[in-house]
Amino acid sequence: MREHEIRSLADLAGEGTRVLTTLVRDTHSGIARRVFGAVGPVSKPVEVIHNTTAAATYYAVDRALRGALRGAGELAAQTRGGDDAHETVESNPRVAGVIAALNGIYGDELTQRGNGFALTMQVRHHGRPVALDADAVAAVFPHATGRIAVFVHGWCMTERSWSRPPRDGGAEDPYGARLQADLGFTPVYLRYNTGLHISDNGKALAGLIDRLRALWPVPVEEIALVGHSMGGLVARSACHYGTEHRHRWPDAVRHVVCLGSPHLGADLEKGVNAASWALARLPETEGLAWFLNARSSGTKDLRYGALLDEDWSECDPDEFLRDRCHEVPFLPGAVYHFVATSAGPRAVGAILGDRLVRPTSASGVGRSRRVPFEPDHGLTLTGLHHFDLLNHAAIYDKLRHWLSTEREPMG
């Protein structure tokens, strides 16, 4: 394990104790306020003494725990770590998955703290980052074609999610390998910090594709973006910011495919928002509300599918169930596709969706908002859960059909 990884682990442990101490302190404080309020003004002197003592105690405990962990991390880094180590923590797929999940839940804070486990937008090949220079790109893609398929994973996941074995017993090869064999697309897999705002990841992806196009070993003729869950939202955001920044790559995009993407929001995030708002109304549960509201900006963007800076920059991120999302037009030269699924029969599936995203959200059809997908460019299935979308025979057949079809001329 490398020195910076050991220090980052110690920093994570210290931050974890801070969160726990804060939760206990705030819960204690809320209960105390309720008790002293019930007793009345006569309890004021005791309340002042209690609050002063409690504040000093929690401060001391927090400082002691974090200081001890920081010291232990520094000692371990000096004695057990080495920057010349070949194996890194995230070279283990399971550990990489844990780090990705941690980034999804808390990734913006990790980035602000400068923690070494905060992920950035990267091209990945066989689990390792690819340097964005001409030699590295040529070495990783020795048989590059002019057709590129960029795969953008979902919340709390990594590029390895695309290698998920199918439950239907079909071919285990991921979509990218099959598209390469069937249609000549060169698959490009990404890993990114899903805890950052979707718009920040959209801008980062736009810049990365612009750089990759310039370094690509052969002229880029066609680009397809395939996103699962949050990945579809990041892809749509990238198309917007790529156009806004006058990049050349959006002109080459022919297809944008969104697999189970919550274009109108995810019910789980809406439920957590409502629960934290309700918990904040009572002093005894204010600490729990604070704990829930510590979730990442990227997670909160899933509440209504926020793709742009304007969707979140001028509002309270924890306000109660208010949709502030702006319209994001499709690229004029691309066809946008959606796949929506439900885990149960029609009546149940309409309510529960694929256990994370409802079909109405995945297809962009809501009461007050509508994402302009054309019905002929979508696919709705039943009996599948959210992660079946990552590798399923029926979905691949449709994906291959879509990507092998030329866009009809506009007008």
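Reader: How many salt bridges does the count come to here?
Author: First, this is a predicted model: local features need pLDDT of at least 70, side-chain atom pairs count only at pLDDT 80 or more, and totals for chains, interfaces and linings use all residues. Residues are numbered from 1 along each chain as its sequence is written, and side-chain values use heavy atoms, leaving out hydrogens and water. A salt bridge is a side-chain nitrogen of Lys or Arg within 4 Å of a carboxyl oxygen of Asp or Glu. By that rule the count is 13.

Reader: Which residue forms a salt bridge with R358?
Author: Side chains of opposite charge can pair when their charged atoms come close. In this pair the closest N and O atoms are 2.6 Å apart. The link joins distant parts of the chain, 91 residues apart: R358 is in the loop between helix 11 (346–352) and helix 12 (359–362), and the other end is in helix 8 (residues 267–279). That partner of R358 is D267.

Reader: Is D267 buried, partly exposed or exposed?
Author: Here buried means under 20% relative accessible area, exposed means over 50%, and partly exposed is in between (1.4 Å probe, protein chains only). D267 has a relative accessible area of 30%. Because that value falls in the middle class, D267 is partly exposed.

Reader: Which residue forms a salt bridge with R295?
Author: R295 sits in the loop between helix 9 (286–293) and helix 10 (297–301), and its partner, 26 residues apart from it, is in helix 8. R295 is buried, at 10% relative accessible area. The closest N and O atoms are 2.9 Å apart, and the partner is E269.

Reader: And how far apart are the closest N and O atoms of R303 and E269?
Author: R303 is in the loop between helix 10 and strand 7, while E269 is in helix 8, 34 residues apart. Both R303 and E269 are buried. Their salt bridge has its closest N and O atoms at 3.0 Å.

Reader: How many helices and strands does the chain have?
Author: Helices (H or I, at least four residues) and strands (E, at least two) are DSSP runs, numbered from the N terminus. Counted that way, the chain has 13 helices and 8 strands.

Reader: Do strand 5 and strand 6 run parallel or antiparallel?
Author: Strands of a sheet pair through backbone hydrogen bonds, either parallel or antiparallel. Across this pair, H228 stands opposite L259 in strand 6. There are 6 bridges joining strand 5 to strand 6, and the two run parallel.

Reader: Why is strand 6 largely enclosed by the rest of the structure?
Author: It comes down to how many of its residues are covered. Strand 6 is largely enclosed because its buried residues number 6 of the 7.

Reader: Where is H126, and is it buried or exposed?
Author: H126 has a phi near 55°, a positive value in a residue other than glycine. As for the place, H126 is in the loop between strand 1 and strand 2. With 71% relative accessible area, H126 is exposed.

Reader: Which residues make the nonpolar surface patch?
Author: Patches take residues with over 30% relative accessible area and no salt bridge, joining like charges within 9 Å and nonpolar side chains (Val, Leu, Ile, Met, Phe, Trp, Tyr) within 5 Å. One member, V42, lies in the loop between helix 1 (3–39) and helix 2 (44–80), and V42 is exposed at 68%. The patch covers about 370 Å² and is made by I31, V35, V39 and V42.

Notes
Accessible areas come from the Shrake-Rupley method with a 1.4 Å probe; for residues, only the protein chains shown count as cover. Two strands pair if DSSP finds at least two bridges between them.
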